[in-house]
Amino acid sequence: MTIHGKGLGLVGRAALVALAAAALGCTQDAIAPRAAAESEVRARLGPFTPWSQAVQIEDAIPGAHPNFNTASLDGCPASSRDGKTFFMASNRPGSRLIDIWVSRRESTDEPWGEPVNVGEPINSAYNDFCPMSARDGHEFFFVSNRPGGCGGDDIYVTRFRDDGTIDEPENLGCDVNSAGNEAGPVPLTEPGRGKVLYFSSTRAGGFSPEPSGAVTGDADLYSSEWKGGRYQAPTLVPGVNSAQEDGQPYVQRDALELYFFSTRPGGQGAQDIWMASRAKAHDAWSAPVNLGPNVNSAAAETRPSLSWDGTTLYFGSTRVPSQGSDIYVSVRDRDAGRNR
C-alpha cells in the first residue's frame, strides 16, 4: 500500500497550493475580513481568552522531548484526561505504515517524553491512526484500514486493562462504519443523549449529494448514539457541515465546543481548523468560525483536540514542508471577567 498521508488528514495537492499562496503573501484586501473573523471567534470563546500563537510542541511550555516531532508524518494528537499520556499517529522509523505512538510524563509540569510505538494488537501491518482515549482512560478508539472492515478506514475500539494487557480491537460494525473512510472518533457523555460518538465519514448521502450510484463522497461530521448495547447508525451533525471537506472532529467534554478541520472558503489556507459553540448542550451549534492566523496557516491543519480543561489545543500542520507534518500547540486561559 502506498503511504499518502490520508490517515493523518493531509491534503497533498491542497497543501502544495497553500504553500504557493504563502509565497505570494497576504494582500491588504484580506486584512478587514480577517479582523472581523477574529472578532467573531473571540465572541464564541465563552469563559476563555483567545488562542495564542501556535508553536511546535517541543517549543511549548513545558514542551516535549526533542524527538517528539520528526521529519516524517506526525499528527492525530490526543491527550488523556489526566494530561500524563499523549497518543499520536506517525510513520516515523519503527512504524510499519502509519502507527499509533504514545508519549508519557510523570506530571503535567514536565515535558512530554519521547514517543514509543504502542505495538500490537492496536498497531497492525496496515494504517492505524486517529487515536482517542475515553473518559475512563481504559476504552480506546482508533481508525484502521486493516482487513475485515466495512471498506476504507474504519473505527475500532479496544480496552486497556489494569494488568497491562490490551483487548483485541473490535470493529464498530457497518452501521457506524461505511464503504467510505471514517476518521476522528471522539466518545463523550452528552447531556440529554447519553453516550455519543462523534466522527467524520466520506460515506455517500452526506451534506452534499453525490452522483447516482456513488458509495463515497466528501467528508462530513456525524454523531452516533449508544443504544441497546451498541452505537447506532449515525446522523449528520446539524448546522456545521459544508459542501467541502469537514473532518476529524473534537467535542470538548462539556459538549459546548466543537473543533474540526475544513477546506471551506474563508480560511487561512488549504485546510484550516474551525469551531462551533453553544451555550447549552441541548442548543443548536452556532455557525462555524475559523480560528484565525494564530492557529491556522497557509498550509494544511489537521485533527484538532483539546486538553481535558480546555486550555490547550493540539493539532497537526504541514506548515514546515521539510517536516511533512508536525504537532503544534496553542493555549488559552480562563477569562475571569467572562462567563459562558
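## Before we start

Because the model is predicted, local features need pLDDT of at least 70 and side-chain atom pairs count only at pLDDT 80 or more, while totals for chains, interfaces and linings use all residues. Residues are numbered from 1 along each chain as its sequence is written, and side-chain values use heavy atoms, with hydrogens and water left out.

## Rings that meet

A pair of aromatic rings is described by the distance of the centres and the angle of the planes. Rings of Phe, Tyr and Trp (its six-membered ring) pair if their centres lie within 6.5 Å; planes under 30 degrees apart are stacked, over 60 edge-to-face, and the rest tilted. The structure holds 13 aromatic pairs. One of them joins F68 and F86, edge-to-face, with 5.3 Å from centre to centre and 70 degrees between the planes. F68 lies in the loop between β1 (55-56) and β2 (74-79) and F86 in strand β3 (residues 85-90), so this pair ties together parts that are 18 residues apart in sequence. Strands (E, at least two residues) are DSSP runs, numbered from the N terminus.

Is F86 buried or exposed? F86 is buried, with a relative accessible area of 0%, and F68 is buried as well, also at 0%. Here buried means under 20% relative accessible area, exposed over 50%, and partly exposed in between (1.4 Å probe, protein chains only). F86 has another partner: its ring centre is 5.0 Å from that of Y314 and the planes are at 80 degrees, so that pair is edge-to-face. This pair links distant parts of the chain, since Y314 sits in strand β20 (residues 312-317), 228 residues from F86. Y314 is buried too, at 5%.

## A cluster and two charges

F87, F140, F142, Y156 and F160 form one aromatic cluster. Elsewhere, the charged end of R92 sits over the ring of W101, 5.3 Å from its centre. The charged end of R264 sits over the ring of W274, again 5.3 Å from the centre. For a charge to sit over a ring, NZ of Lys or CZ of Arg must be within 6 Å of the ring centre and within 35 degrees of the ring normal.

N241 belongs to the loop between β14 (235-236) and β15 (246-251) and is buried, with a relative accessible area of 9%. Its side chain reaches the backbone nitrogen of L221 at 2.6 Å, and the backbone oxygen of V237 lies 3.3 Å from a polar atom of the N241 side chain. Leaving aside neighbours within four places in sequence, the residues in contact with N241 (heavy atoms within 4.5 Å) include F207, D220 and R264.

S144 is found in strand β7 (residues 139-144) and counts as buried at 1% relative accessibility. What does the side chain of S144 make with the side chain of D128? The answer is a polar contact, at 2.7 Å. A polar contact is a pair of N or O atoms within 3.5 Å; within protein, one must be able to donate a hydrogen and the other to accept it, and residues adjacent in sequence count only if both atoms are side-chain atoms. The S144 side chain makes another with the side chain of R146, at 2.9 Å.

Terms used:
Helices (H or I, at least four residues) and strands (E, at least two) are DSSP runs, numbered from the N terminus.
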